[in-house]
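Student: I am new to this structure and would like to go through it with you in questions and answers. Could we begin by looking at it together?

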Amino acid sequence: MKRRTILLISSLTLPLYGQVYNPGNGGGNTARPAANNNNGDTTIVHKKKESKSPYGNEVPFIDPTQETITLMGHTFNIGDNRALGGQFESYLADSPNTSKAAIEYRETIDAILDAVSPHTKGDIRSKLRNGFHMLPRAASYPGDGRICDSLSNAIYAAMLSKGSVQSSKEYIATLEKEKRRIARNFDISAAKIDLTDDQQSKGKPGQKKTGKQSTLAKAATSAQLQEIQKRILEIEALKKLHHAKDEVNIVQAKIQYQALLAQLFVQRRFEHVVIGTRFYNLIFRDGDSKMRLKKGSDVSKFFGEGLGVDPTVTGLDSAANEAIRKVNSLVTGFNNHLSHKELHSASKRLTEAFALGEFIPSVQTVPSDQRRQILEYVRDGNALVKAMDVHDYAAAKIYLEALKKRSTDFDSTKAEGAIAAYTRVSDGHIRAAKIALGQKDQAKFESELEKATQVWPTNPKLKEIDTLLDTFITKGDAANNTLNDYDRLLGDKNYRAIKDRYVEFAATIGQTNDATRTESLAEIMNSLKEVQEARSKAEFLAQKGQTYAAWEILEEARVKYYDDPLLQQQITSITAEVADFTRALARAEKFESNDLTPQTGSALSWYLEAKSIYPDSKFAQEGIDRLVNRVFEEDGNDSSIDEELSSN
């Protein structure tokens with residue numbers, strides 16, 4: 001980072017110092033770019049941008065802090081359960097590949113790598129033959145996925161192309177040999193023409209020699225030479241045609257082979273990539289290792305964007321070897337963490353190793369017991385994540401404690417903080433909802449309850465709200481039933497029953513703040529109190545033998561509370577004892593109340609009769625007083641009354 005910072009600062013300062021003309025600071029320094037003398041324009045020197053190192057990011061890079069893998073310039077999230085989690089859990093649940101067939105397969109792969117290694121002694125033909133013969137054996141193992149067969153086909157196709165080119169070269173050499181032979185014939189034929197011309201000149205005296213003709217002139221006049229020249233041109237055309245075909249065949253064979261290597265690299269079959277690149281170098285020995293990928297294709301972007309330059313077969317071999325080394329290093333780290341019971345770090349190292357090199361032997365041979373430990377840890381971890389996602393903090397806390405016990409390096413800080421924070425917020429809303437419910441603020445109660453549910457839908461304290469609401473509902477139903485009973489008893493005038501349930505009715509009516517029922521209940525209780533006082537007083541007098549007095553008290557109360565059954569019952573119980581008195585009063589009232597023919601005298605006599613039976617009778621005295629007043633009001637003569645009174 002420090003080095004990057006220095007480079008960055010240098011790249012920013014140096015260009016500024018070299019482009020800006022400063023006359024006060026030695027502007028005539030010839031070492032610097034001269035100031036522009038043409039209209040003061042500044043000369044801008046375009047410095048070519050330095051390209052990134054082609055070996056900077058072509059090797060897979062794992063970022064543990066972000067849980068990502070950068071491969072060929074592309075970043076993959078290794079924590080994505082949908083993309084990797086399922087395959088990783090399947091791998092953890094699977095048995096290690098330590099069978100006899102798997103061991104033989106890995107030994108075969110190692111033997112192939114040794115056979116085609118550039119460090120193995122021997123001629124190229126024997127290397128190709130030894131390595132090629134072992135590919136079918138490796139392909140027979142199911143875990144290979146017939147990739148070695150694909151490699152065999154690619155190698156065979158490349159060898160055929162090479163053989164075709166060799167045959168073409170031999171044919172071109174034959175053509176060249178034929179061309180040279182024809183050229184020699186051409187020269188001989190041309191020489192014969194010259195000789196014939198000389199002899200003809202000597203045989204004719206006085207004829208002047210005309211000199212030798214040029215080759216073209218001879219060819220123009222000789223049909224034989226024209227045929228020879230035509231054949232030479234045909235041979236040259238054939239040679240060029242076969243040269244072009246050879247180039248096309250070689251390029252086509254390389255493209256097909258390189259496409260297979262690129263596909264194997266993307267599939268993370270790094271061992272097969274190394275095998276393929278070593279075969280490639282043995283087959284194509286022209287030094288051209290540039291990979292020819294279709295521009296704009298996904299594979300081209302995958303390799304080209306990461307490297308910044310066109311990828312080569314050698315670079316692919318290097319990247320595959322580095323990936324294998326990295327995977328083995330991650331597995332070693334996994335074993336070290338596991339030996340210290342650091343399951344969290346161990347699971348991460350194994351996840352990274354699996355994501356990068358699923359098919360590398362070091363990953364495939366991890367023992368079952370170690371896989372099981374990681375599988376259980378990963379499942380609990382995934383369960384914790386899911387519980388946090390659905391805001392089930394009670395379950396999340398259980399999984400969190402299990403993970404802490406299972407692994408010594410599990411960092412529970414974030415999860416514990418989140419659980420505590422959300423629990424506190426949810427509990428606070430529940431508390432506010434309870435307060436709102438007590439204050440009968442329904443709007444606030446619903447708002448707080450909704451907030452509490454959103455934060456933690458399964459908060460156990462929400463059951464307290466449910467219980468409280470159920471209680472209120474039950475109490476509400478009971479109150480309604482009590483009020484209905486009160487109204488029914490009131491309609492039936494069963495005041496005694498109301499009195500028996502006075503506490504229940506008073507509490508319920510008090511909660512409803514019903515003024516009408518409160519007033520009626522108070523009136524009933526006051527009336528029954530008066531009746532009870534009368535009954536008690538009458539009972540006391542009856543026990544003292546003052547039956548007439550007791551009867552008058554009860555009768556006075558009955559006039560007001562005639563519908564009280566106990567009062568009526570008590571009166572009935574003593575009526576027989578006061579029959580003469582009640583009969584005299586009854587007759588007196590009968591004569592007094594006869595409006596058609598009032599018999600004041602008879603009525604008065606019966607009142608007096610009653611008074612004679614019970615001298616302290618209130619009823620008799622009141623009757624006498626009423627009759628006397630009536631007489632005085634009607635006649636204004638009280639003498640007859642006095643006489644009548646005296647006669648009685």
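This is a predicted model: local features need pLDDT of at least 70, side-chain atom pairs count only at pLDDT 80 or more; totals for chains, interfaces and linings use all residues.

Tutor: Residues are numbered from 1 along each chain as its sequence is written, and side-chain values use heavy atoms, with hydrogens and water left out.

Student: How many helices and strands are there in the chain?

Tutor: Helices and strands are taken as DSSP runs, numbered from the N terminus, where a helix is H or I over at least four residues and a strand is E over at least two. Counted in this way, the chain has 26 helices and three strands.

Student: What percentage of the residues in the chain is buried?

Tutor: A residue is called buried under 20% relative accessible area, exposed over 50% and partly exposed in between, using a 1.4 Å probe and protein chains only. For the 648 residues in the chain, the buried part comes to 35%.

Student: What share of the contacts with a separation of 6 or more is between residues 24 or more positions apart?

Tutor: A contact here means heavy atoms within 4.5 Å. Among the contacts in the chain with a separation of 6 or more, the share of residues 24 or more positions apart is 64%.

Student: Are helix α15 and helix α16 roughly parallel or roughly antiparallel to each other?

Tutor: Axes are lines fitted to C-alpha atoms, for helices over the stretch in contact, and the angle between N-to-C directions runs from 0 to 180 degrees. The axes of α15 (residues 413-438) and α16 (residues 442-455) come within 8 Å and cross at roughly 160 degrees. Angles under 35 degrees count as roughly parallel, over 145 as roughly antiparallel, 65 to 115 as roughly perpendicular and the rest as oblique. The two helices, α15 and α16, are therefore roughly antiparallel.

Student: How many nonpolar, polar and charged residues are in the contact of α15 with α16?

Tutor: The contact includes Tyr422, Val425 and His429 of α15, together with Phe445, Glu448 and Leu449 of α16. Ala, Val, Leu, Ile, Met, Phe, Trp, Tyr, Cys and Pro count as nonpolar, Asp, Glu, Lys and Arg as charged, and the others, Gly among them, as polar. Divided by these classes, the contact of α15 with α16 has 11 nonpolar, two polar and three charged residues.

Student: Where is glutamate 555, and which residues does it touch beyond four places away in sequence?

Tutor: Glutamate 555 has its place in helix α21, and because its relative accessibility is 12%, it counts as buried. Leaving out residues up to four places away in sequence, glutamate 555 touches Ile571 and Phe619.

Student: At roughly what angle do the axes of α21 and α22 cross?

Tutor: Glutamate 555 of α21 and Ile571 of α22 are among the residues that make the contact of these helices. The axes of α21 and α22 (residues 565-575) come within 10 Å, and they cross at roughly 150 degrees.

Student: How many salt bridges are there?

Tutor: A salt bridge is a side-chain nitrogen of Lys or Arg within 4 Å of a carboxyl oxygen of Asp or Glu. One of them is formed by arginine 517 with aspartate 514, whose closest N and O atoms are 2.3 Å apart, and both of these residues are buried. By this rule, the number of salt bridges is 23.

Student: Lysine 560 forms a salt bridge with glutamate 530, so how far apart in sequence are the parts that the pair ties together?

Tutor: The closest N and O atoms of lysine 560 and glutamate 530 are 3.1 Å apart. Lysine 560 counts as exposed at 53% relative accessibility, whereas glutamate 530 counts as partly exposed at 37%. Lysine 560 lies in helix α21 (residues 547-560) and glutamate 530 in helix α20 (residues 515-543), so the pair ties together parts whose separation in sequence is 30 residues.

Student: Which residues does isoleucine 275 touch, not counting residues up to four places away in sequence?

Tutor: Isoleucine 275 is in helix α8 (residues 270-283), and with 0% relative accessibility it counts as buried. Not counting residues up to four places away in sequence, isoleucine 275 touches Ile109, Ile112, Leu113, Leu135 and Leu151.
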